[in-house]
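Have a look at the model first, then read on.

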Amino acid sequence: MDPLERLGPLSANPRIAAVDTTAPDFPGRRFEIPAAAPLRLDSGVELGPVTVAYQTYGTLNADRSNAVLVCHALTGDQFVADRHPVTGKPGWWEALVGAGKLVDTNRYFVVCANVLGGCMGSTGPKDINPATGKPWGLAFPVITIGDMVKAQARLLDHLGIEQLFCVIGGSMGGMQVLEWVSAYPERVFAAVPVATSYRHSAQNIAFNEVGRQAIMADPDWQNGAYQLAGVSPDRGLAVARMAAHITYLSETALHRKFGRRLQNRAQLSYGFDADFQVESYLRHQGSTFVDRFDANSYLYITRAMDYFDLQAEHGGSLAEAFTGTKTRFCVVSFTSDWLFPTSESRALVHALNAAAANVSFVEIVSDKGHDAFLLDEPEFHSVIGGFLNGAAEHRGLKFG
Amino acid sequence: MTDPGSLPAAAQMRPRATIRVDLKAIAEMIEPGTRVLDIGCGDGALLDYLAHEKRVDARGIEISQAGVNACVAQGLSVVQGNADTDLKDYPTGGFDYAILSQTLQATWDPKAVVGELVRIARRAIVSFPNFGVWHVRLRLLVSGRMPVTDTLSAAWYETPNIHLCTIDDFVGLCDTLGVTIEKAMVLDSQGRPRSLNAPGRLANLLGEQGLFVLRRGR
C-alpha cells in the first residue's frame, strides 16, 4: 500500500491538533497496552492503558525474520517515511527508508513507533489522565529510554515479532538501539546506533536544561497545565528549539549557509529585529516547531535522554551491558558532530570490543554537524547499505 | 537465535577474487570456522577471503578511514582503530587468531603490540618486511643511503615504517617477550613461501618477508 494512501485527511488546523487532545488524532496505526497489564516504568510507577502510535512499511515475511525497527530522535516521530500529517513534509528519514532505499521496504518490514511520552499519538503528558479526566501535564510520570523501549517491545510482541533483524536509530534513537541490545539481547540480530552515546554527557544535559528552563519561564506554561488554561507556551518552546537547533549544526555549516549576511535589508537596523539571516532562520525553526510539538513532551523526553547512562546501569562497566552479545553492531559517528562526538562512539566501540562483540565502526567525514545523520551523506549511506547486506547474508534472508 | 558468526551455505558459493600470495599463505594457516582478528586489514581482502572461503568469524581493525568504510560497505566487520592503542580493550583469548600483516613496522611500540597479540588470541600470525635481506644490506653498504625497495618503497622522510627490523631482530624480540615461535617461514619477492625451516642465518639473508606463528608462553 502506498504510504500516502494510508494517511487520512489532514486536520484542518494542525496547530490545534498538536496540542488539543479533543482534536482528531493523527493518522496511522495504534496499539494499546491494557490497564490490566500496565507498563512498569523505571520510576516504579505502573502506567496503563498506554497507546503506542506506529507506522509500518513493507511486509513481514513468513518466518518473521525481516523486521527492522527504526527509533526516532528527540523531536522525531513515527512518520519515518510518510508525509508528515502536520508539516506536510516528507518523512524524516526518507534518505534511508523506503522502497528501493537502503532500508528497503520491498525487503524489510519496517516499524517505527512514536516514543512513550511523545505527542504524535503515543501516550504522553498532553493526553487525558484516566484518573482525573484531565490532561496529565506534570502529573505524567517521568519516563526513561528504557521505558520507551519496553513499550516498543510490547508492540513487537503484539505484532508477533520475536527477533528484529535490525534496530536502527540516530541520536536519541541510537540510545534506544543500545537499550534494546542491552535489555533484549536475544531479540536483536543487528544494531545500528548512529551519532549517539551510551550516556548523555554533562554538556548535553546542560543544553537540555536550557531548553526546559526556556519553556518553564514562559508564563503560558502555567506550571504544565497550559491546556486547561487554553494557552500554549509557544515562545518558550520556540526558544528551546532555537538553542537545540544550534547544537545540531556545526560552525562550518552555519557559516557556509548564512555567514554574516543580512536578512532582507542592506544595512544593520541598530535594533533587535532579525538583522542577520541566521537569526531569521532560527526564529523560523522555533516558530514552525511549536506547530508540531508539545512543550511538556519536550520536557519529558529531554529528561529521559538526560537519565540515560548504560554504563552506570551496569555497575560502571559499559562492557557489562553487552556481555555475551551475539548482535552484529555498526556504530557510526560524524566528524563535525559536537553534540555526540566521535569520542563517545569510540568509547562505546571499546566496550563492545571488550565484550568480544561483532562490531563495525566508521566515522564519516562531514561538516554538517549532528544533523548529518538525517541528510544526504553518500559515504554514510554506502556503509549502512553494506552493513545491512552483510547482516542479511548472515541472517540467511532471501530477497526475491 | 541464528548465530551471526556463521554464514549460510549459499553465501559460501559466491566466487571471490583471488588474494595476494602472501595473504594466501596466511589464510592457509587458519583453521576453518575460527574467530579471527586482522589488525591493519586495509581494504579487507584477507577478511573477505577468510569469511567466505573458510567460514571464519572475521573481524578487522584498520587505521585509515577510507579502508574502514570500504570494508564495512562490503559487509565486513571492521572498526576504525589503532594497533598501538586499541588492542588493550580486547578480552584475553577472545580470538583464535590475531593477524598482523605488514603492519608491525609501522607501530609505535612493536614490543607491546606483539605482547597484546598473543594475549588476545591463541595464535598470532605476524608478517613484516625483512630489513636483513641481502640486497637491502648491499644497498646500504654500497650507496650509504637508506634502501628503497619494492617492499620498502618510501623515502626515509616519508615512510610510515618507523620500526624496521630483521628476521633475527624479531626472533630476539620473541625471546625477550617469552613468546613461543610455533612456525617461521620466509616469503620471496613475490610473496611466495620459501621452505626454510628454522629461522636461521640463511632466512635472514634471503627472506624478503618474515612470517611467524606465535603463541603466548614457552
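**Salt bridges and a domain interface**

Arg119(B) and Glu116(B) are both buried (buried is under 20% relative accessible area, exposed over 50%, partly exposed in between, with a 1.4 Å probe and protein chains only). This is a predicted model, where local features need pLDDT of at least 70 and side-chain atom pairs count only at pLDDT 80 or more, while totals for chains, interfaces and linings use all residues. Residues are numbered from 1 along each chain as its sequence is written, chains are lettered from A and ligands numbered from 1 in the order in which they are written, and side-chain values use heavy atoms, leaving out hydrogens and water.

**Salt bridges in chain B**

- Over all chains, the structure holds 23 salt bridges (a side-chain nitrogen of Lys or Arg within 4 Å of a carboxyl oxygen of Asp or Glu).
- Arg119(B) pairs with Glu116(B) in one of these salt bridges, with 2.6 Å between the closest N and O atoms.
- Both Arg119(B) and Glu116(B) sit in helix α6 (residues 110-120) of chain B, 3 residues or about one turn apart; helices here are DSSP runs (H or I, at least four residues), strands likewise (E, at least two), numbered from the N terminus.
- Arg218(B) forms a salt bridge with Asp175(B), the closest N and O atoms being 3.4 Å apart.
- Arg218(B) is in the segment after β8 (209-215) of chain B and Asp175(B) is in helix α8 (residues 167-177) of chain B, so this pair ties together parts 43 residues apart in sequence.
- Arg218(B) is exposed at 69% relative accessible area, and Asp175(B) is partly exposed at 48%.
- Asp188(B) and Arg192(B) make a salt bridge too, with closest N and O atoms 3.0 Å apart; Asp188(B) counts as buried at 10%, and Arg192(B) is partly exposed at 41%.

**Chain A: a network and two domains**

- A salt-bridge network links Glu209(A), Arg212(A), Arg303(A) and Asp306(A).
- Chain A splits into domain 1 (3-198 + 314-395) and domain 2 (205-302), with bounds from an automatic or database domain assignment.
- The C-alpha centres of domain 1 and domain 2 of chain A are 25 Å apart.
- In chain A, 36 residues of domain 1 are in contact with 30 residues of domain 2 (heavy atoms within 4.5 Å).
- The count between domain 1 and domain 2 of chain A is 1 salt bridge.
- Asp367(A) and Arg256(A) meet through their side chains in a salt bridge, 2.5 Å from N to O.
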